[in-house]
Every structure is written in C-alpha cells, then in structure tokens.
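Look over the sequence and the structure shown below. This briefing then goes through a few of its features by topic.

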Amino acid sequence: MKIRLLFFGQLETSRGIMFLLQSLLHWDQPFHLTIAGTGSLKQELHNRVGNDTRFTLKGFIQPQDIDMLFTNIDCTVVPSLCVENAPLTITNSLGLGVPVIASHVGGIPEMIQQGVNGFT
C-alpha cells in the first residue's frame, strides 16, 4: 500500500524540501508525495522529480483551496531545518485530522503530541 504524503510550504532549503526529497528518493517503501507551494527551488524540484510519478508538483495554492489539499493524504510532512514557532501547515493538517511528521525544532514539538497526532 502506498503512503500518501503532503509537503505544503515554501520551496526553500530552510523548509527542508530538498532534505525530504533526498530522503524519499532513497526510501524503499511505496509512497506518493504531493508538493504544494512556490519558491526559489521550484524549477530545481521540477527538474529532479517532474517526470517521477511518485511526486506531484502543485505549485501555489489559493487560500480557498487549502482544505482540498489535505484530501486523500495519509500524513503531512514538515521537515523544517529552521526554527519555526507555529507553522500554519501543522495547524491546517491537524485541524482536518491529518497526522503530521515534523522536525523537532522551534515550537513544532509543542504543536504535536507524539504518538497521537504526529511524530517529531
């Protein structure tokens, strides 16, 4: 069974998207990652995984379409490499009942109850 993952945020090194990408490319489990957002790494991501069916690049998401992004997703991934206080991606995900896997940095661990609604 394929796990359906979501990355929703800025496509910047500090947000951990390239770290996530490298990790998944070496993962031997079936998965599909939806990547939503825009930023300076947009073209590089397209060049690396644009033709790989395990990845869907959504680009910028209009505010009224955010809830739809979390439909048919098993887990949201927040691999941030920088200190963040309270990422809205986590709030959106948990508010819609979607568990979160996230970095253990900044205020992120305070937002997630390990083993209940996510993993840090």
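The model is predicted. Helices α1 and α2 pack against each other at an angle of about 5 degrees.

**Helix pair α1 and α2**

- Helix α1 covers residues 17–25 and helix α2 covers residues 42–49, and their axes lie 12 Å apart.
- The angle between the two helices is about 5 degrees, which makes α1 roughly parallel to α2, because angles under 35 degrees count as roughly parallel.
- On the α1 side, the residues that meet α2 are I17, M18, L21 and Q22.
- On the α2 side, the residues that meet α1 are E44, L45, R48 and V49.
- Sorted by class, the contact of α1 with α2 has 5 nonpolar, 1 polar and 2 charged residues.

**The largest pocket**

- Strand β1 (3–8), strand β4 (75–78) and helix α4 each supply at least two residues of the lining of the largest pocket.
- Helix α4 gives the most to this lining, with 3 residues.
- The lining of the largest pocket divides into 10 nonpolar, 7 polar and 2 charged residues.

**The second largest pocket**

- Two or more residues of the lining of the second largest pocket come from each of β1, α1, β4 and β5 (100–102).
- Helix α1 gives the most to the lining of the second largest pocket, with 4 residues.
- By class, the lining of the second largest pocket has 11 nonpolar, 2 polar and no charged residues.

- T34 lies in strand β2, which spans residues 31–36.
- T34 has a relative accessible area of 9%, so T34 is buried, as the cut-off for buried is under 20%.
- Leaving aside neighbours within four places in sequence, T34 is in contact with L5, L6, F7, T56, K58, L69 and I73.
- The relative accessibility of T89 is 11%, so T89 counts as buried.
- Leaving aside neighbours within four places in sequence, T89 is in contact with F8, F70, T76 and V78.

- The relative accessible area of L94 is 24%, so L94 is partly exposed.
- The C-alpha atoms of L94 and G106 are separated by 18 Å, and the two residues are 12 residues apart along the chain.
- N72 lies in the loop between α3 (66–69) and β4.
- N72 is not a glycine, although N72 has a positive phi of about 60 degrees.
- With a relative accessibility of 55%, N72 counts as exposed, because the cut-off for exposed is over 50%.

Conventions: Residues numbered from 1 in each chain as written. Predicted model: local features only at pLDDT ≥ 70, side-chain atom pairs only at ≥ 80, totals over all residues. Heavy atoms only, no water. Axes fitted to C-alpha atoms, helices over the stretch in contact; angles between N-to-C directions. Parallel < 35°, antiparallel > 145°, perpendicular 65-115°, else oblique. Contact = heavy atoms within 4.5 Å. Nonpolar A, V, L, I, M, F, W, Y, C, P; charged D, E, K, R; others polar. Buried < 20%, exposed > 50% of the residue type's maximum accessible area, 1.4 Å probe, protein only.
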